[in-house]
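Hi,

Here is the model we talked about, with the sequence alongside. Have a look at it first, and then read on for what turned up.

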Amino acid sequence: MGLFNKFKQGAEDLVKGYDKVKLNKKLTYEELLEIMQEGSYPCGKPDIIGKGIMKCIRFPAVDKYLIQVAVTGKTITISKIYSGVGGFVKEVAGDVATDGWYSAVNGENIDLNRMTRIIGEELSKLLEAKGLLKK
């Protein structure tokens, strides 16, 4: 990877807290979780939570953030969200103390943004092996 591409990826990890994977057919959460179980993720083991339209796949929380996976039609979205009210309060307090620069200097924020990309890459490999990735 060239220097420009490394810089570009670092900049994306600074601000982009989600990743998307396109499918060539619709999957249920149960089918997606079964495929995901074959992968290896640095943030833990995914699990389905919720019921009906409020269902999603989540990874264990990392401090004030967690990664969740949502399926909408033929699109899978991997996103970083706050882990409860406590995570949100910590983020707001950090923004107040740093005059809005907390997200840019918060290593945890950048690491979890990077984690969404890593999970997306792993999921893309698994889906491609099963012939489910849209090309």
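Let's start with β4, because six of its eight residues are buried, which leaves the strand largely enclosed by the rest of the structure. Keep in mind that this is a predicted model. β4 covers residues 65-72, and helix α2 (residues 29-36) lies across β2, β3, β4 and β5, running at about 125 degrees to β4.

What does β4 pair with? On one hand there is β5, joined to β4 by eight bridges and running antiparallel to it. Within that pairing, V71 stands opposite I76 in β5. On the other hand there is β3, which pairs with β4 in the antiparallel sense over two bridges. Here I57 is the residue that stands opposite V69 in β4.

Both of these pairings are hairpins, and each has a residue with a positive phi. The hairpin of β4 and β5 has two residues between the strands, and G73 takes a positive phi near 60 degrees. In the hairpin of β3 and β4 there are six residues between the strands, and D63 has a positive phi near 55 degrees.

Now the whole sheet. It is open, has five strands in the order β1-β5-β4-β3-β2, and pairs in the antiparallel sense. β1 (18-22) and β2 (47-49) stand at the edges with a single partner strand each, so one side of each has no neighbour in the sheet. On average, neighbouring strands are turned by 30 degrees against each other, direction ignored. As a reminder, strands of a sheet pair through backbone hydrogen bonds, either parallel or antiparallel. For β1, the partner is β5 (residues 75-82): five bridges join the two, and they run antiparallel. If you want a spot to check on screen, Y18 stands opposite S79 in β5.

Reading from the N terminus, the elements go α-β-α-β-β-β-β-α-α-α. Buried residues make up 41% of the 135 residues in the chain. Of the contacts with a separation of 6 or more, 59% are between residues 24 or more positions apart.

Next, the core. Which residues touch the most other members of the largest nonpolar core? They are L32, I76 and L127, out of 26 residues in that core. α2, β4, β5 and α5 (107-129) each supply at least two residues of it, and α5 gives the most, with six residues. In general, nonpolar side chains tend to be buried together in soluble globular proteins.

Leaving aside neighbours within four places in sequence, L32 is in contact with L27, I57, V69, V71, I76 and L123. Two facing pairs from the sheet turn up in that list: I57 opposite V69, and V71 opposite I76.

Another leucine to look at is L133, found in the segment after α5. Is L133 buried or exposed? It counts as buried, at 17% relative accessibility. Not counting residues up to four places away in sequence, L133 touches V21, K22, N24, S124, L127 and E128.

On aromatics, a search of the whole structure finds one pair. Y41 and F59 form it, edge-to-face, at 5.2 Å centre to centre and with 65 degrees between the planes. The pair links distant parts of the chain, since Y41 is in the loop between α2 and β2 while F59 is in the loop between β3 and β4, 18 residues apart. Y41 is buried, with a relative accessible area of 10%, and F59 is buried as well, at 3%.

Last, the cysteines. How many disulfides are there? The count comes to zero. C43 is buried, with a relative accessible area of 9%, and C56 is buried too, at 7%.

That's the tour from my side.

Cheers

Definitions and conventions. Residues numbered from 1 in each chain as written. Predicted model: local features only at pLDDT ≥ 70, side-chain atom pairs only at ≥ 80, totals over all residues. Heavy atoms only, no water. Pairing = 2+ DSSP bridges. Helix = DSSP H or I, 4+ residues; strand = E, 2+ residues; numbered from the N terminus. Axes fitted to C-alpha atoms, helices over the stretch in contact; angles between N-to-C directions. Contact = heavy atoms within 4.5 Å. Buried < 20%, exposed > 50% of the residue type's maximum accessible area, 1.4 Å probe, protein only. Core = buried A, V, L, I, M, F, W, Y, C linked by side-chain atoms within 4.5 Å. Disulfide = S-S within 2.5 Å. Phe/Tyr/Trp six-rings, centres within 6.5 Å; stacked < 30°, edge-to-face > 60°.
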